[in-house]
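Welcome, and please take a moment to look over the sequence and the model below.

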Amino acid sequence: MQPSAPSPAPSPTPSAAPQFDERLTAPRSWWFIAGLLGLSGGLIMFPLGTVPMLGGLIVAAVLAGAAVSSYGSARIRVVAGSLVAGDARIPVSALGAAEVLDAEEARAWRTHKADPRAFMLMRSYVPRAVRVEVTDPSDPTPYVYLSSREPEALAAALDAVRASDGAERANDGAED
């Protein structure tokens, strides 16, 4: 008797794998500025001696680096039928059509067209964005504004999830 071949590991369902994943990292110039802040901390402590100068340099550089890293750690994901933007998790079924905004239109929606009730995950160093209407009647949020370096891909991922949800609902209705 020969041992049976191991069965292949089950592949993850398409809805479990992220259809879109983007991290809004801070630009290199911000890291350069964080380094300059570290140098400034060292220079401030210079009159007190070498050890305090090194301590000031390290502490200021670490604090500035942590601030830049924290601000640049925001993620936008479309996974498991939900849009995850920062701390918010919104089911795609509660969202309407996604509108890709060019740099000029994105700036307008960040400033004079902005609604204070909207959920906004914006980064000034990312010029383009996506605006998605919230269609859930129990949610007072009119839209979601998301800065994105790849707004077309984000809109396509949202449309793909919406289309697959619609196909699943149609199949469920046909089975009944």
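The report that follows covers a sheet, a hairpin turn, a surface patch, a nonpolar core and some salt bridges.

This is a predicted model, in which local features need pLDDT of at least 70 and side-chain atom pairs count only at pLDDT 80 or more, while totals for chains, interfaces and linings use all residues. Residues are numbered from 1 along each chain as its sequence is written, and side-chain values use heavy atoms, with hydrogens and water left out.

**The sheet**

Two strands count as paired if DSSP finds at least two bridges between them. Strands of a sheet pair through backbone hydrogen bonds, either parallel or antiparallel.

Let us begin with an open sheet of 4 strands, whose order is E1-E2-E3-E4 and whose pairing is antiparallel. Strand E1 (20-23) and strand E4 (88-91) each have a single partner strand and stand at the edges, so one side of each is left without a neighbour in the sheet. From one strand to the next, the twist averages 10°; axes are lines fitted to C-alpha atoms, and angles run from 0 to 180 degrees between N-to-C directions.

E1 and E2 run antiparallel and are joined by 4 bridges, with Phe20 standing opposite Val78 in E2. Strand E2 (residues 75-79) also pairs with strand E3 (residues 82-85), again in the antiparallel sense and over 4 bridges. Here Arg77 is found opposite Val84 in E3.

**The hairpin turn**

What lies between E2 and E3 in their hairpin? There are 2 residues between the strands, and Ala80 in the turn has a positive phi of about 50°. Most residues other than glycine have a negative phi. Ala80 is not a glycine, yet its phi is positive. With a relative accessible area of 43%, Ala80 is partly exposed; buried means under 20%, exposed over 50%, and partly exposed in between (1.4 Å probe, protein chains only).

A nonpolar surface patch of about 940 Å² includes Phe32, Ile33, Leu37 and Leu54 among its residues. Patches of this kind are made of residues with over 30% relative accessible area and no salt bridge, with nonpolar side chains (Val, Leu, Ile, Met, Phe, Trp, Tyr) joined within 5 Å and like charges within 9 Å. Helix H1 (28-45) and helix H2 (50-71) each supply at least two residues of the patch, and the largest share, 6 residues, comes from H1.

In soluble globular proteins, nonpolar side chains tend to be buried together. A nonpolar core is a set of buried Ala, Val, Leu, Ile, Met, Phe, Trp, Tyr and Cys residues joined through side-chain atoms within 4.5 Å. The largest one has 29 residues, of which Ile76, Val78, Leu83, Leu95, Leu146, Leu154 and Leu158 touch the most other members. Two or more residues each come from H2, E2, E3, strand E5 (95-101), strand E7 (129-134), strand E8 (143-147) and H4. H4 gives the largest share of this core, 5 residues.

**Salt bridges**

Side chains of opposite charge can pair when their charged atoms come close. A salt bridge is a side-chain nitrogen of Lys or Arg within 4 Å of a carboxyl oxygen of Asp or Glu. By this rule the count comes to 8 salt bridges, and the table shows some of them.

| Pair | N to O distance |
|---|---|
| Arg117 and Asp115 | 2.9 Å |
| Glu133 and Arg131 | 2.4 Å |
| Asp159 and Arg162 | 2.9 Å |

Asp115 counts as buried, at 19% relative accessibility. Arg131 is buried, with a relative accessible area of 11%, whereas Glu133 is partly exposed at 32%. Asp159 and Arg162 are 3 residues apart in helix H4 (residues 151-175), so about one helical turn separates them. Asp159 is partly exposed at 39%, and Arg162 is partly exposed at 25%.

Conventions:
Areas by Shrake-Rupley, 256 points an atom, 1.4 Å probe, with all protein chains shown as cover.
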